[in-house]
Amino acid sequence: MAPRRIPAAPAVPTEPGRVLATLAVAALAWTAVLAGCGDATPVARRNVVVITTDTTRADVLGAYGSALGLTPYLDALARRGVVFERAYAPMAQTLPSHATLFTGLPPRAHGSLENHYQLDERVETLAERLAAEGFHTAGFIGALVLEPPSGIAQGFEAWTQPAGANQKGMRSPDRAASEVTDDALAWLNGTERRRDAPFFIWAHYFDPHREEGGYQSPEGFKQRVPGEALMTMLEERATSGQFPPEVAGRLRWFAEEWRGYAAAVAAMDEQIGRLVDGLAAAGLFEETVIVVAGDHGEGLMEHGELQHGVNIFEELVHVPLIVLAPGDAGAVLEGAALDDVVGARWPAGEMAGRRVATAVGLEQVLPMLLLLAVADEDADESLWTPLRKGAEPRPDPVFIERPHYTQARLESRGPKYTWGVLAGVVLGRYKLLDGPDGVELYDLVDDPGETRNVSRDHPQTVQRMRSLLNQWTEIHRTGEPGSGGNVSAERAATLEQLGYGGAVEEGR
Ligand SMILES: [Zn+2]
């Protein structure tokens, strides 16, 4: 039978965001927590593959408007699935953000408020839930910050992680994307995997994370980054005021940082492509729900931060979120065989090409996955349900926050940072930040680079959004940040060795 052809969706995103008519929202919407397994028998089981792209800003993907052309595979996935144009990580840090993705809870509820707060074993994760539903679960991580003592491995039956040592003979904190894909495909095609059960694979790619000495990528990827398009992009950002003067005045020098970052993203993209192609080769593409989610972005000197973990501006918390659920069997994108890297090997999923403009948080992924993977009726309130009806999801406020560092740990990241709770809320076109340096309001439609604090121009909006934020922090009270976390001394020492400082600085 010839495959049904459907028109390809435009690859370029529409204007970010949309204006809200009202700020009156259901204040308790975010407290909805999924019930455990009911006694209804799920009607359908689909395999699940969750791909997390560490340190990946949304705007480095073609699917999110990048002109660099370095992510053909992720873009191909995006055209076949649903793209959430405004997805937010809850914190710009690896463990808290992954914990939110896998529990459906904000960090204040699941308790991992920083890499030094391990995820509590009593919290139910997606892997535990799917294992209880009979799935065979397997995790393949790219960095030891997520190794089992972090708490994020609960529920995974199969597991691999960086095993090598560095030049100094210490454990290597991370590994290349190719190794993650190698391990995931070996498990997928190997004899260990139970063929009578659906599977859940988590593949975590760490390549865009900066290492000592800069961003790393395999041979040849830096040359793929188009110099002219890169400079155009940086000049636009310098003009809009996103860089501090020392960067704006030395863009050519700074472009090397960006080139290194973009090359690492390109290398990761290729390995994600190989993983998804491996699924297709095994005949499993059309029986599998695929989610791609970023855990946080990277500052790259916008608003003065090179890496991540302190600020909560868009470059740090706006992440890719792509969901591809099996669609009509055999449907392929029109023109795909000509212009697409994967042609008809990756058929179109449900609602292929759909782009969602409403701001959403990573905690909203779990109910969507349970709906798609096990037809969980309790998950009917998920984002997917309105999409199926052709509507946008309800525009709930999305909350973001800085990790709860000790004062010493924050100050070790730079003398310019003021310690204290820094939290924010995104609602429609506005983003409000409230922290030790005061209140900031940004209009993300007029000023996507967050260069003009317009809080004085919109006192009522500030008041309403502050009130939402205060209600949220009241519901999820944690006290002042700074207990230092709940990890053992041994784990703290490991984090220190892996480059996630803080084990010794309290003594200073
Ligand atoms: Zn991360």
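Buried means under 20% relative accessible area. The views below come from a predicted model.

**View 1. Strand β8 and its buried residues.** Strand β8 covers residues 288-294. Seven of its seven residues are buried, so the strand is largely enclosed by the rest of the structure.

**View 2. Strand β8 beside strand β2.** Strand β2 spans residues 47-53. β2 and β8 run parallel, joined by seven bridges. Look for Val49: its bridge partner in β8 is Ile290.

**View 3. Strand β8 beside strand β10.** Strand β10 spans residues 321-324. Here the pairing with β8 is antiparallel, over four bridges. Find Val292 in this view: its bridge partner in β10 is Ile322.

View 4. Which residues hold the protein donors of the zinc ion? They are Asp54, Thr94, Asp295 and His296. Asp54 is listed with two OD donors. Thr94 gives OG1, Asp295 gives OD and His296 gives NE2. These donors lie 2.0 to 2.7 Å from the zinc ion. Along the sequence, the donor residues follow the spacing D-x39-T-x200-D-H.

**View 5. Asp54 and His296, a pair from distant parts of the chain.** Asp54 sits in the loop between β2 and α1. His296 sits in the loop between β8 and α9. The two are 242 residues apart. Are they buried or exposed? Both Asp54 and His296 are buried.

How values were computed: Residues numbered from 1 in each chain as written. Predicted model: local features only at pLDDT ≥ 70, side-chain atom pairs only at ≥ 80, totals over all residues. Heavy atoms only, no water. Buried < 20%, exposed > 50% of the residue type's maximum accessible area, 1.4 Å probe, protein only. Pairing = 2+ DSSP bridges. Donors = N, O, S within 2.8 Å, 3.2 Å for Na, K, Ca; no water.
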